[in-house]
Every structure is written in structure tokens, then in C-alpha cells.
Amino acid sequence: AAPCKVPNFSDKRKSEAPGLWTGNGFSGAISFVGSGNNDWKIQRQSLVGGDWVACGSDITVYRDP
């Protein structure tokens, strides 16, 4: 399968992440690690933004404490 390009989630809001992920063609899961249920800003991600990876890949995004 053709790879998909990992979006850069830095400074994006938690609520924007799922659309950004699926909008780039990914079918894998997106997981959130961070405190609070508010719409926090993402500071780190488990896959490097701009890298080409399998479209079924999962990603985790983090809010640093």
C-alpha cells in the first residue's frame, strides 16, 4: 500500500487531531496522552511529522505536563 505523510501536530488543538489524521489518509488509531478534558494544545507526537509511513499506522499525541 502507498504510504501516507504524517502531519505535524505541534501546536494543534486536541479537537483538530482526528480530522488531520484521517484527512491525510490514515486509517489507524489516534491516541491522546495528557491531563484534562479541555481542548489542549499538542506538544509531542509518536511519529515524526513529515515522515512517510504506512497508512494503517497508529499515532499517539502528547500534552507535556
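The structure holds one disulfide (a pair of cysteine sulfur atoms within 2.5 Å). The model is predicted: local features need pLDDT of at least 70, side-chain atom pairs count only at pLDDT 80 or more, and totals for chains, interfaces and linings use all residues. Residues are numbered from 1 along each chain as its sequence is written, and side-chain values use heavy atoms, without hydrogens and water.

The disulfide joins Cys4 and Cys55, with the sulfur atoms 1.8 Å apart. The torsion about the S-S bond is about 95°, so the disulfide is right-handed. Cys4 lies in strand S1 (residues 3–5) and Cys55 in the loop between strand S4 (52–54) and strand S5 (59–62), so the pair ties together parts 51 residues apart in sequence. Strands (E, at least two residues) and helices (H or I, at least four) are DSSP runs, numbered from the N terminus. Both Cys4 and Cys55 are buried, meaning under 20% relative accessible area with a 1.4 Å probe, protein chains only.

Phe26 is located in the loop between helix H1 (17–23) and strand S2 (30–33). At 4% relative accessibility, Phe26 counts as buried. Beyond four places in sequence, the contacts of Phe26 (heavy atoms within 4.5 Å) include Cys4, Cys55, Trp21 and Val53.

Phe26, Cys4 and Cys55 belong to the largest nonpolar core, which has 12 residues in all. Such a core is a set of buried Ala, Val, Leu, Ile, Met, Phe, Trp, Tyr and Cys residues joined through side-chain atoms within 4.5 Å. H1 and S5 each supply at least two residues of this core. Val6 is another member. Its contacts beyond four places in sequence include Trp21, Phe26, Val53 and Ile59.

Note on methods:
Buried < 20%, exposed > 50% of the residue type's maximum accessible area, 1.4 Å probe, protein only.
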